[in-house]
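Please walk through this structure with attention to its strands, its charged side chains and its rings.

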Amino acid sequence: MMMRRVAASLVPPWLETLLSTNFFSACALHTEAPRSECNMFCLDCGGAASSFCFYCRSDSHSGHRVIQIRRSSYHDVVRVAEIQKILDISGVQTYVINSARVLFLNERPQPRGGGRVAGASSSSSSPHICEICARSLLDLFRFCSLGCKLVGIKRNGDATFLLTPGDDEAAEGGGGAGGGESSTTAAADERKAGRRGRWVGGSREGAGHDIRGPEPPPPPPAASRRRKGIPHRAPFAS
């Protein structure tokens, strides 16, 4: 009972419903529509909320707080830019997928060879692991997903999903409610991107190149025309 009260004071009432909802099924009301996959979730409909499509949002959830769920390698993810405005996501590992920073909703199956990060060599493994499922993490975070953080809160009560009054303003201003770890990682990525430069119209900004292109080469000099004079014979040696 005490654990439930602690979790209730640190977790919004709609989060567990979000984590247990099935997404990306076809909407029964808009089967013929081109955007009929159910990848939306309403935060204001409480525990009775379920996934719905783009058209259901306009019909039944106008003016509600709605987030869009996306998919990466058959796993549900949400963009940090959306979720950090309503949840404290500090301690959760974030990833950059298709130029957007995202985090996973739930724990994923472990790759072969234990908790190594996919793509890592067999002789190396990450020193950072999820406190709940022991999945290897890329950076110094505590959890691999929102679901694992929820388990950690219920187990230890030393984290929270609820934003403090100043956190939502920081998220709107770009600081983010993802905590110092997420902000630090994002800032480091931005600094790296700044050093690499940004491609614009075939040229790269910030790399010291002139985006107007090289100047045309000077025209070749005109061929000189010499008038033929009277030939002179070299003098004989005496």
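**From the sheet to the side chains**

Three bridges join strand S3 to strand S4 (residues 75-79), and the two run antiparallel. The coordinates belong to a predicted model. Across this pairing, arginine 70 stands opposite valine 77 in S4. Strands of a sheet pair through backbone hydrogen bonds, either parallel or antiparallel.

Now widen the view. Four strands form an open sheet, in the order S3-S4-S6-S5, with antiparallel pairing. Which strands lie at the edges? They are strand S3 (70-72) and strand S5 (95-97), each of which pairs on one side only. Neighbouring strands of this sheet are turned by 55° against each other on average, direction ignored.

Turn next to charge. How many salt bridges are there? The count comes to six. Start with arginine 70, whose side chain meets that of glutamate 82 in a salt bridge (3.0 Å, N to O). Arginine 70 lies in strand S3 and glutamate 82 in helix H4 (residues 80-83), so the pair ties together parts that are 12 residues apart in sequence.

Aspartate 76 has a relative accessible area of 16% and is buried, because buried means under 20%. Arginine 71 is partly exposed, with a relative accessible area of 42%.

The side chains of lysine 154 and glutamate 16 meet with N to O at 3.0 Å. Lysine 154 is in helix H5 (residues 146-156) and glutamate 16 is in helix H2 (residues 15-20), 138 residues apart. Lysine 154 is partly exposed, with a relative accessible area of 29%. Glutamate 16 is partly exposed as well, at 42%. Some salt bridges also join up: Glu131, Arg142 and Asp158 are linked in a network.

The rings come next. How many aromatic pairs does a search of the whole structure find? It finds three. One of them joins phenylalanine 54 and tyrosine 55, with ring centres 5.3 Å apart. Their planes stand at 80°, so this pair is edge-to-face. Phenylalanine 54 is partly exposed, with a relative accessible area of 31%. Tyrosine 55 counts as partly exposed at 23%.

A further pair consists of tyrosine 95 and phenylalanine 104. Their ring centres are 5.5 Å apart and their planes are at 80°. Why is this pair edge-to-face? The angle of 80° is over 60 degrees, so the pair falls in that class. Tyrosine 95 is buried, with a relative accessible area of 14%. Phenylalanine 104 is buried too, at 5%.

Finally, look for charges over rings. The charged end of arginine 108 sits over the ring of phenylalanine 104, 3.8 Å from its centre. Phenylalanine 104 thus takes part in an aromatic pair with tyrosine 95 and lies under the charged end of arginine 108. The charged end of lysine 149 sits over the ring of phenylalanine 161, 4.9 Å from its centre.

Methods:
Residues are numbered from 1 along each chain as its sequence is written. This is a predicted model: local features need pLDDT of at least 70, side-chain atom pairs count only at pLDDT 80 or more; totals for chains, interfaces and linings use all residues. Side-chain values use heavy atoms; hydrogens and water are left out. Two strands pair if DSSP finds at least two bridges between them. Axes are lines fitted to C-alpha atoms, for helices over the stretch in contact, and angles run from 0 to 180 degrees between N-to-C directions. A salt bridge is a side-chain nitrogen of Lys or Arg within 4 Å of a carboxyl oxygen of Asp or Glu. Buried means under 20% relative accessible area, exposed over 50%, partly exposed in between (1.4 Å probe, protein chains only). Rings of Phe, Tyr and Trp (its six-membered ring) pair if their centres lie within 6.5 Å; planes under 30 degrees apart count as stacked, over 60 as edge-to-face and the rest as tilted. A charge sits over a ring if NZ of Lys or CZ of Arg is within 6 Å of the ring centre and within 35 degrees of the ring normal.
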